Amino acid sequence: MNPSDGGPPPGAVTPAGTARDIAVVGAGAAGTLTALRLLHHAAAGRPAPARIWLIDPAPAGPGLAFGTDAPHHLLNVPAGRMSAHRDDPGHFVRWLGDRGGEHDFVPRRLFGQYLAESLTAASGHRDAPALIRVPDRVLAITHRPQAGGPALRLRLRLRGGPALDVDAAVLALGNFAPGLAWAPPALRESAGFLADPWAPGALATVPEDRDVLLVGTGLTMVDLALSLHRPGRVVHALSRHGLVPQPHTGTPLSTPDAPTAAEVDARAGLPGLRRAVLRHIARCRRVHGDWRAGVDSLRPVTSALWQQLPPADRARLLAEDLRLWETHRHRIPPVSARALRTAVDTGLVDLGRGTVTDAKTVPEGPDEVLVVQLDDGRRLRVGAVLNCTGSEADLTRVDDPLVVDLLATGLGSPAPVGGGFDTAPDGRLLPAAGRAPAPLWALGSLRRGNLLETTAVPEIRCQADDLALLLPDHRTADPRSDPAPAPVA
């Protein structure tokens, strides 16, 4: 549905006493899950908005993460843990089964299709509120009193259409482009530097007959190395640590056998937490025969442990421990690990440790190549350098117009440590000092500084569900005055 399908025009004011207008800014996985849960709760008879405005130039569902068509770009989580509904964990597996799909690490495009179809089905329920798709981008948000009533409303300024007034908004902006702080100026200015390899058409610019360099050795590197490696080309991949994501096990533990991490806490500070985590994982390895059981058992309590640490310890954890943790926590499918290992063993992919210190473009035949200088003295001659360092988390370095506006006006403020916005325990944006809080909430990677673990679908679907229960009847009180609940688990 869109405004021309009979929905109220942008800027329409909700009469007092009616259900609210809720805008979901971003229609990727996080935004689609939020809209989907709002629709599901309405169908179940819970309080619901009159209208849900889903705003994004791109179609709803896939987003950046699940929009790839490459068959070897697989989910990094088994299908059995990827349901859109935390109260129906088998939903995605049944959807796959109805289409003859397998139930393991399936291509990511299937999950994007699943989200889009689920949203369409939910919006067709007879008790569902109006779902209004707005194919536009939000550039700015202002907070103003509602005419004729005490409630405070938001005005969303769109890039190509009239402003939209709503009662509350959810920011589901997904992941931003990778950071550039590591790249020397000469490299950033080169035509052979791909600052965002996921930008549409980016990989088509990589020369077919040249070696390439991937900077960063995380999940993005795995995807791109498997896409770009071929006979006659070496894909070099390096990072400061040289650590690569670990593979999932082929035989995960059943739920009744899975361990818990109730004895792990961070009240003794970061050194004590490190010791407790290592003891817990060692014990799980002895009992269950695999370290993965210990790492996975920490998932439900990771955010609570993070919140127990003082800010200085959080900063140390990010600098000293995060990369090692992420390579064990965010793993890759066994088939992807085998394919990468084969490519390394046959010399098509070269994994290593190092940083880029300089680069220059030099002529070579009719074309040009990049000569990249590394900190260990090596020089690599490549046709392209791809930035695989991961999404920029520091919002002060993000050039998204909406983020820039929210920080400039004080409706949002950066988290003290870890990136993203500073938020209340329910995800509501905490404003800058002296500003009144707005009815603005965030989920997903925008809550990284407060939750640490907040980028995977199992976490995001819970945040989306919590917001879908909260927003139709939210209070307009200052979130800083609310009693603080127990740390998020």
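Predicted model: local features only at pLDDT ≥ 70, side-chain atom pairs only at ≥ 80, totals over all residues.
Trainee: Which residues does Arg155 touch, not counting residues up to four places away in sequence?

Mentor: Arg155 touches Ala140, Ile141, Thr142, Arg144, Ala163, Leu164 and Asp165. A contact here means heavy atoms within 4.5 Å. Residues are numbered from 1 along each chain as its sequence is written, and side-chain values use heavy atoms, leaving out hydrogens and water.

Trainee: Where does Arg155 lie, and what makes Arg155 partly exposed?

Mentor: Arg155 lies in strand E5, residues 152-158. Helices (H or I, at least four residues) and strands (E, at least two) are DSSP runs, numbered from the N terminus. Buried means under 20% relative accessible area, exposed means over 50%, and partly exposed is in between, with a 1.4 Å probe and protein chains only. The relative accessible area of Arg155 is 33%, so Arg155 is partly exposed.

Trainee: Why is Gly412 called buried?

Mentor: Its relative accessible area is 2%, and the cut-off is under 20%, so Gly412 is buried. Gly412 is placed in the loop between H12 and E16. Leaving aside residues up to four places away in sequence, Gly412 touches Leu406, Leu407, Phe421, Leu429 and Leu430. From Gly412 to Thr423, 11 residues apart along the chain, the C-alpha separation is 8.6 Å.

Trainee: Is Leu430 buried or exposed?

Mentor: Leu430 has a relative accessible area of 15%, so it is buried. Leu430 lies in the loop between helix H12 (401-409) and strand E16 (440-442). Leu430 and Trp441 are 11 residues apart in sequence and 9.2 Å apart in space, C-alpha to C-alpha.

Trainee: How do you know that H6 is oblique to H9?

Mentor: The axes of helix H6 (residues 270-288) and helix H9 (residues 311-320) come within 10 Å and cross at roughly 50°. Angles under 35 degrees count as roughly parallel, over 145 as roughly antiparallel, 65 to 115 as roughly perpendicular and the rest as oblique, so H6 is oblique to H9. The axes are lines fitted to C-alpha atoms, for helices over the stretch in contact, with angles from 0 to 180 degrees between N-to-C directions.

Trainee: Which residues meet there?

Mentor: From H6, Leu270, Pro271, Leu273 and Arg274 meet Asp313, Arg316, Leu317 and Glu320 of H9. By class, this contact of H6 with H9 has four nonpolar, no polar and four charged residues. In that scheme, Ala, Val, Leu, Ile, Met, Phe, Trp, Tyr, Cys and Pro count as nonpolar, Asp, Glu, Lys and Arg as charged, and the others, Gly among them, as polar.

Trainee: Which residues of helix H10 are buried, and what covers them?

Mentor: In H10 (residues 322-329), Leu322, Trp325, Thr327 and Arg329 are buried. Their cover includes helix H7 (291-297), helix H8 (302-308), H9, helix H13 (448-451) and helix H14 (457-470).

Trainee: What about Leu452, between H13 and H14?

Mentor: Leu452 lies in that loop, and its phi is near 65°, a positive value in a residue other than glycine. Its relative accessible area is 11%, so Leu452 is buried.

Trainee: How many disulfides does the structure hold?

Mentor: The structure holds zero disulfides, a disulfide being a pair of cysteine sulfur atoms within 2.5 Å. Cys388 is buried at a relative accessible area of 4%, whereas Cys462 is partly exposed at 26%.
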